[in-house]
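Please open the model in your viewer and keep the sequence beside it. The tour below goes from one selection to the next and says what is found at each stop.

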Amino acid sequence: MRLLPLAEAIASHVRDGDSVALEGFTHLIPFAAGHEIIRQRRRRLHLIRMTPDLIYDQLIGMGCAERLTFSWGGNPGVGSLQRLRDAVERQWPQPLALCEFTHAEMAVAYQAGASGLSCALMPHYVATDLERQPGAAVKMLSCPFTGRPLAAVPALNPDVTILHAQQIDREGNVLIRGIVGAAREAAMAARRVLVTVEEQVDRLPAELNAIVLPAWIVTAASIVPGGAYPSYALGYYPRDNAFYLAWDTIARDRDSFTAWMQRYVLGVHDHAALLRTLGVAA
Amino acid sequence: MSAAGYSRDEIMTVTAARQLRNGAVCFVGIGLPSAACNLARFTHAPDLVLIYESGTVGARPRVLPLSIGDGELAETATSIVPLPEVFAHYLQRGRIDVGFLGAAQIDRFGNLNSTVIGDYARPRVRLPGAGGAPEIATHAREVLVVMKQSPRSFVPALDFRTSCGYLTGGGARRASGCPGAGPRAVITDFGVLRPHPDTEELELAALYPGVSAAEARAASGWPLQLSAALETLPAPTAAELTALRTLEARTREAHDRPVRIPLPAATRRLTEELT
């Protein structure tokens, strides 16, 4: 594990054309890292994330992505992701290829990737129209023991998985508390693991069964307080639900979206400055 | 708010809540399903077990979450499990009594579309997509659907089938081997639809007070059949309305509270120097 400033961590670990998974299910979404990818103008990324959320809406709208693997592409509790819609419906700012799963499928796809398997298996009953699309990722087979139908979901192995977590200790072990989503599986499936954390501590306050990524699994880490904002970090700050509601209006129009990104992401040099400009930093 | 002293949204939420028996294990979606489940918990079903797909098992939120993974759910849960577990150990293993779903389109057999309007490759409207819905629809012992009725949402044919109801009806779902029983009720802003016991076609089984069958039928894109035992549902009680409005007021207050993140002094100084 190398402790690096975020800009350096992104510059040295995320390349144009990489498959990149910024995980964290509603909680601990690595917004600061995503914004840094936008500032460094990465291109042709294959974005992977169960719930693209606002951070992928921003990456897609800024032209960083050519492909999206996902399982639910909405603004949670609010509605649609307007930039994702614009890219799919009107190819703005560029076409976006979709690889679409259900949550359950994508969760086992990460698990397979994390376990060194080429695919994961699920029971299969009724074909959905998702499976009937040309080039659908899921394939059918029958169980060699019972003969019952199974769905095979191909493993996901991102080039880079990026997570936000609460704490890192002096050795570089990372503690994730609260809703973990498929963060652990996405990290174990990846070729490189970048982590941003709220703070560094001498000793992790970890229960024996806590979710801790060992230092030698983590490629690089950066200390970024508030790095999950406007999502949240349990024990540090709550989700800014008002911002998620406001985003629907900001992102609905190409010009207001571009102006927002210019002012709050491209126009500031780091995440602390973004939080100050938004008036969130105390 | 109507002259009746409650809105259609309110009677819809109250009616959905009444479908839940105390002690049932529910897989809860965000929005109206979450409001209905928590209203039930604060009224007749205090021991309802709520599982949100974010992995929060046994959540007892004091305010309604905006997202499926709000901190309120994590802080009040019995346990939080990784996402692959909530789908495999709880849903796929058959441990969920009731799954709650909404969608953009429903057909007469309760099949649901939450993926696209128009063609999948060139959609007119790209919707959020599947999420947990297909597996909830398949594995939950029974499903409740909550949707506002209109000819655009209650359609003769889906643009895309994301989640299965009774497929083509007449036992097709059972024959497919699907473990769950399928949609037991569709709660709308006019009343409740239930499947016919033989054909499994959804028919109007109950209306809210003051709502006519003609209005409900006009708001359906397929010729909605009336159940032989069409009934009128009771209006929300004062206790139900108070519980719902108190919960919603608490929620509004919590969501309006501004978020402030204290930055460590070192970060603050650095930022001030550079900006």
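Predicted model: local features only at pLDDT ≥ 70, side-chain atom pairs only at ≥ 80, totals over all residues.

Begin where the two chains meet: the contact takes 50 residues from chain B and 55 residues from chain A, two residues being in contact if their C-beta atoms, placed from the backbone, lie within 7 Å. On the side of chain B that touches chain A, at least two residues each come from α3 (71-76), α4 (83-92), β9 (123-126), α5 (133-139), α8 (238-256) and α9 (265-274) of chain B; helices (H or I, at least four residues) and strands (E, at least two) are DSSP runs, numbered from the N terminus. The largest share of that side, four residues, is supplied by α4(B). By kind, the residues of the side of chain B that touches chain A are 24 nonpolar, 19 polar and seven charged, where Ala, Val, Leu, Ile, Met, Phe, Trp, Tyr, Cys and Pro count as nonpolar, Asp, Glu, Lys and Arg as charged, and the others, Gly among them, as polar.

Residues are numbered from 1 along each chain as its sequence is written, and chains are lettered from A and ligands numbered from 1 in the order in which they are written.

Next, show chain B by itself, which has nine helices and 14 strands. Its C-alpha atoms fill a box of roughly 70 × 45 × 40 Å, taken along the principal axes. Of the 275 residues in chain B, 51% are buried, meaning that 20 or more other C-beta atoms lie within 10 Å of a residue's own, with C-beta atoms placed from the backbone.

Now select helix α2 (residues 32-42) of chain B, where nine of the 11 residues are buried. The buried residues of α2(B) pack against elements of chain B including α1 (8-18), β1 (25-28), β2 (49-52) and β5 (98-101). Within this helix, pick S34(B), which is buried because 25 other C-beta atoms lie within 10 Å. Leaving aside its neighbours within four places in sequence, S34(B) is in contact with V28(B), G29(B), L64(B) and P65(B).

Which way do the residues of β5(B) point? V98(B) and F100(B) point one way, G99(B) and L101(B) point the other way, and all are buried. Strands β1(B) and β5(B) pair in the parallel sense over two bridges, and F27(B) has G99(B) as its bridge partner. Four bridges join β5(B) to β10(B), and these strands also run parallel; here F100(B) stands opposite L144(B). For an antiparallel pair, select β2(B) and strand β3 (residues 56-57) of chain B, joined over two bridges, where V57(B) is the bridge partner of I51(B).

Notes:
Buried ≥ 20, exposed ≤ 12 C-beta atoms within 10 Å, placed from the backbone. Pairing = 2+ DSSP bridges.
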